[in-house]
Amino acid sequence: MGSSEDRVVAVIMVGGPTKGTRFRPLSFNIPKPLFPLAGQPMVYHPISACKRIPNLAQIYLIGFYEEREFALFVSSVSNELKVPVRYLREDKPHGSAGGLYNFRDLIMEDNPSQIVLLNCDVCCSFPLPDMLDAHRRYGGMGTVLVIKVFPESASQFGELVADPETNELLHYTEKPETFVSDLINCGVYIFTTEIFSVIQDVSTIRKDRATLRRISSFEALQSATKTLPMDFVRLDQDILSPLAGKKKLYTYETLDFWEQIKTPGMSLRCSALYLSQYRHTSPDLLATGDGTRSPTIIGDVYIHPSAKVHPTAKIGPNVSISANARIGAGARLITCIILDDVEVKEHALITHSIVGWKSSIGKWSRVQGIEDYFAKLGITILGESVIVEDEVVVSNCVVLPNKILNISVQAEIIL
Ligand code: GDD
């Protein structure tokens, strides 16, 4: 436990519209960090985890989306959770460490001794108070949350080697082509304020190199301009890799759930993980199906209070139904996210799918993700205002906004 003066500021890196392109077509309508998982915007989950940090002074969201896109969310989450949350807009992408450095003066106004830094596109239980205790015990400049994954998937992440006794980070390599380790970087960090001078050093070295190249030859200048901008600093490649093995960085391993959220398919899985977490953290958010006019509920289900679900519908497991959705008689919903204002008509079946805002699903139709030839489970994503007419079957498709489907389709991207 830190002393009462040991103040903490949390920073969540939310990126911007040029990132998160794998999240299309859903990111056409809403910034990816605000896409709902288990009925709450993606970034709501790390914010509510930060609320458990002792002596938390402020939560900043740093990104290069327009301010107005976050204004409503920021004011409602601050009011609801009673934590000060502010959105800070970068004029351009500065990288995951450069973005933090860009707002150093503002962050230091709260006089923090520790900075909790989170990627917004990860889903986990965020064990921040325990990680903070470990970080203070280690006494290093930074602590990285790590997890063991299957060796075949490790190359999608930063792979690292840690000392089994001291937990010191000994070696770090970002998304390597050849296998290094099944221990990976979760994108959740705690740093002392020394992180700012380390980022500054990287930026200064880059400036010096660029100047050297400039005076050496015109050709070198051309290649220098192709390299990264001087104020663009990546946390992983530019900070973690060079500082590994220098007794500055430590690791804290989570044995709980952790997933990345890069694609709509991943968001369906993460929504299910957060729904199951509600059993311990917010059971009141889970539908029970207890009332006489309630639908049948199976497993973890979230239903927004303004949604109307017919009592003969059967919902779950892993279903999240957003505001003003209407679910008709006899409808069956399994593992899906139903967004605002969707209408699901009588006896429709939706499974392994995300149904975009204001879409309409016809009577006796099916919208589904099914196993393909290689026994890989698919997913169907409908963009905003898609109409699936009565008795139509849509399997493993991505459908862009405003389309009308009047014949059955399988494994297609409908532009
Ligand atoms: N504000 C801001 N500005 N945010 C940024 C910027 C930027 O210029 N660049 C990236 N981010 C945010 C993204 O929105 C995301 O939340 C986070 O920083 C990391 O994004 P990427 O740099 O695209 O990295 P990644 O997600 O492919 O991989 C990182 O995270 C993995 C865990 O999810 C790496 O650190 C991996 O090592 C790690 O395993």
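This is a predicted model: local features need pLDDT of at least 70, side-chain atom pairs count only at pLDDT 80 or more; totals for chains, interfaces and linings use all residues.
Me: What is the bridge partner of Val11 in strand 4?
Reply: Strand 4 covers residues 56-63 and runs parallel to strand 1, with 7 bridges between the two. Within this pairing, the partner of Val11 is Tyr60.

Me: In the open sheet of 6 strands, which are the edge strands?
Reply: The sheet has parallel pairing and the strand order 16-19-21-23-26-29. An edge strand here pairs on one side only. The edges are strand 16 (308-309) and strand 29 (404-405).

Me: Which residue of strand 21 is the bridge partner of Ile327?
Reply: Strand 19 (residues 326-327) and strand 21 (residues 343-344) run parallel and are joined by 2 bridges. The partner of Ile327 in strand 21 is Val344.

Me: What is the N to O distance in the salt bridge of Glu343 and Arg326?
Reply: Glu343 lies in strand 21 and Arg326 in strand 19, 17 residues apart in the chain. With a relative accessible area of 28%, Glu343 is partly exposed, and Arg326, at 37%, is also classed as partly exposed. Their side chains meet at an N to O distance of 3.8 Å.

Me: How many residues apart in sequence are the parts tied together by Lys262 and Asp121?
Reply: The closest N and O atoms of this salt bridge are 2.6 Å apart. Lys262 is in the loop between strand 13 (258-260) and helix 9 (264-281), and Asp121 is in the loop between strand 6 (114-119) and strand 7 (122-124), so the pair ties together parts separated in sequence by 141 residues.

Me: Is Asp121 buried or exposed?
Reply: The relative accessible area of Asp121 is 11%. Buried means under 20%, so Asp121 is classed as buried.

Me: What is the relative accessibility of Asp300, a salt-bridge partner of Arg279?
Reply: The closest N and O atoms of Arg279 and Asp300 are 2.8 Å apart. The pair links distant parts of the chain, 21 residues apart: Arg279 in helix 9, and Asp300 in the loop between strand 14 (296-297) and strand 15 (301-303). Asp300 counts as buried, its relative accessibility being 8%.

Me: Where is Glu391, a member of a negative surface patch, placed?
Reply: The patch is formed by Glu391 together with Glu346, Glu389 and Asp390. Glu391 is exposed, with a relative accessible area of 58%. Its place is the loop between strand 26 (387-388) and strand 27 (393-395).

Me: In which strand is Val161, a residue of the nonpolar surface patch?
Reply: Val161, Leu170 and Val180 make a nonpolar surface patch of about 190 Å². At 32% relative accessibility, Val161 is partly exposed. Val161 is placed within residues 158-162, which are strand 9.

Key
Residues are numbered from 1 along each chain as its sequence is written. Side-chain values use heavy atoms; hydrogens and water are left out. Patches are made of residues with over 30% relative accessible area and no salt bridge: like charges are joined within 9 Å, nonpolar side chains (Val, Leu, Ile, Met, Phe, Trp, Tyr) within 5 Å. Accessible areas come from the Shrake-Rupley method with a 1.4 Å probe; for residues, only the protein chains shown count as cover. A salt bridge is a side-chain nitrogen of Lys or Arg within 4 Å of a carboxyl oxygen of Asp or Glu. Lys and Arg count as positive and Asp and Glu as negative; His and the chain ends are not counted. The place of a charge is taken as NZ of Lys, CZ of Arg, CG of Asp or CD of Glu. Helices (H or I, at least four residues) and strands (E, at least two) are DSSP runs, numbered from the N terminus. Buried means under 20% relative accessible area, exposed over 50%, partly exposed in between (1.4 Å probe, protein chains only). Two strands pair if DSSP finds at least two bridges between them.
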